[in-house]
Amino acid sequence: MGMKKFKYKFTTTTLVFIYLGLILSVAGIALNTYNIFAEAAWQYVNNTFDIIRYVIVYFVSVALAVILISLLLSSYYSLDEKHFKTSFGIIKSSYDIKTIKLIHLDRATNKLSVYFEEDKFIVVVVKKEWHDEFIDTLLKFSPEVEFSIGSKENNIDSDNNNSRHP
């Protein structure tokens, strides 16, 4: 069995901020380039402050673009026989699949949580339709992992029972 990838699901708000950041980085590069040529910055080669300013604006704009593009292209979870890996752009983590104790699907909040030894956990953010496939894949690679579901009905009943019996 090979590796299986599940793409990270960004919220609409997060996507809006990522695209706004990309627009700002392109605008920063364009305005900086315009300023260099329009103001004939080549005449001010001796002015160290201007040179440093132009370099910093280019660096920050390009760095922002690279980080945001990497978020869009390289944010996923992957499972294989030995590892559970998370990738959030340039930030990557790997966990031994044998350290996973529990997968919990909370139907009331549509959150899928993976619990590890030493009381660590990760909330897996993928499309709701992929929850079952993610769980099945993880259980194929590590059948000893416990699986639980919290349902909307159970939460409503437990809330009602608690309110009737203080």
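**Salt bridges, rings and cores in a predicted fold**

The side chains of Glu144 and Lys98 come together in a salt bridge, at 3.6 Å from N to O (the term asks for a side-chain nitrogen of Lys or Arg within 4 Å of a carboxyl oxygen of Asp or Glu). Glu144 belongs to the loop between helix 3 and strand 8, and Lys98 to the loop between strand 4 (91-96) and strand 5 (100-106), so the pair ties together parts 46 residues apart in sequence. The model is a predicted one, in which local features need pLDDT of at least 70 and side-chain atom pairs count only at pLDDT 80 or more, while totals for chains, interfaces and linings use all residues. Numbering starts from 1 along each chain as its sequence is written, and side-chain values rest on heavy atoms, with hydrogens and water left out.

As for accessibility, Glu144 counts as exposed at 52%, while Lys98 is partly exposed at 48%; the cut-offs are under 20% relative accessible area for buried, over 50% for exposed and in between for partly exposed (1.4 Å probe, protein chains only). The count of salt bridges comes to two. In the other pair, the side chains of Lys4 and Glu133 meet at 2.7 Å, N to O. Lys4 sits in strand 1 (residues 4-7) and Glu133 in helix 3, so this bridge ties together parts that are 129 residues apart in sequence. Lys4 is partly exposed, with 31% relative accessibility, and Glu133 is partly exposed too, at 33%.

Stepping back to the whole fold, the protein has four helices and eight strands. From the N terminus on, these elements run β-α-α-β-β-β-β-β-β-α-β-α. Of the 166 residues, 31% are buried. Among contacts (heavy atoms within 4.5 Å) with a separation of 6 or more, 57% come from residues 24 or more positions apart.

Ile18, Gly21, Leu22, Ser25, Gly28 and Asn32 are buried in helix 1. The buried residues of this helix pack against helix 2 (48-73).

On to the rings. The whole structure holds eleven aromatic pairs. One of them, Phe84 with Phe116, is stacked, at 6.2 Å centre to centre and 25° between the planes. Phe84 lies in strand 3 (residues 83-88) and Phe116 in strand 6 (residues 111-116), so the pair ties together parts 32 residues apart in sequence. Rings of Phe, Tyr and Trp (its six-membered ring) pair if their centres lie within 6.5 Å, and planes under 30 degrees apart count as stacked, over 60 as edge-to-face and the rest as tilted. Phe84 and Phe116 are both buried. Ring pairs also link Phe6, Tyr8, Phe10, Tyr77, Phe84, Phe88, Tyr95, Phe116 and Phe134 into a cluster. Charges over ring faces turn up as well: Lys5 lies over Tyr76 at 4.3 Å from the ring centre, and Arg53 lies over Tyr54 at 4.8 Å. That label requires NZ of Lys or CZ of Arg within 6 Å of the ring centre and within 35 degrees of the ring normal.

Next come the nonpolar cores, each a set of buried Ala, Val, Leu, Ile, Met, Phe, Trp, Tyr and Cys residues joined through side-chain atoms within 4.5 Å. In the largest core, which has 19 residues, Leu79, Phe84, Ile100, Val124 and Phe134 touch the most other members. Strand 2 (75-79), strand 5, strand 6, strand 7 (121-124) and helix 3 each supply at least two residues of this core, and helix 3 gives the most, with four. A second, separate core of seven residues includes Ile18, Leu22, Leu68 and Leu71. Leaving aside neighbours within four places in sequence, Leu79 is in contact with residues including Lys4, Phe6, Phe84, Phe134 and Thr137. Thr137 lies in helix 3 (residues 131-141) and is buried at 10% relative accessibility. With neighbours up to four places away left out, Thr137 touches Lys4, Phe6 and Leu79.

Finally, Gly150 is part of strand 8 (residues 146-150) and is buried at 13% relative accessible area. Its C-alpha atom is separated by 6.1 Å from that of Leu105, 45 residues away along the chain. Beyond four places in sequence, Gly150 touches His104, Leu105, Asp106, Arg107 and Ala108.
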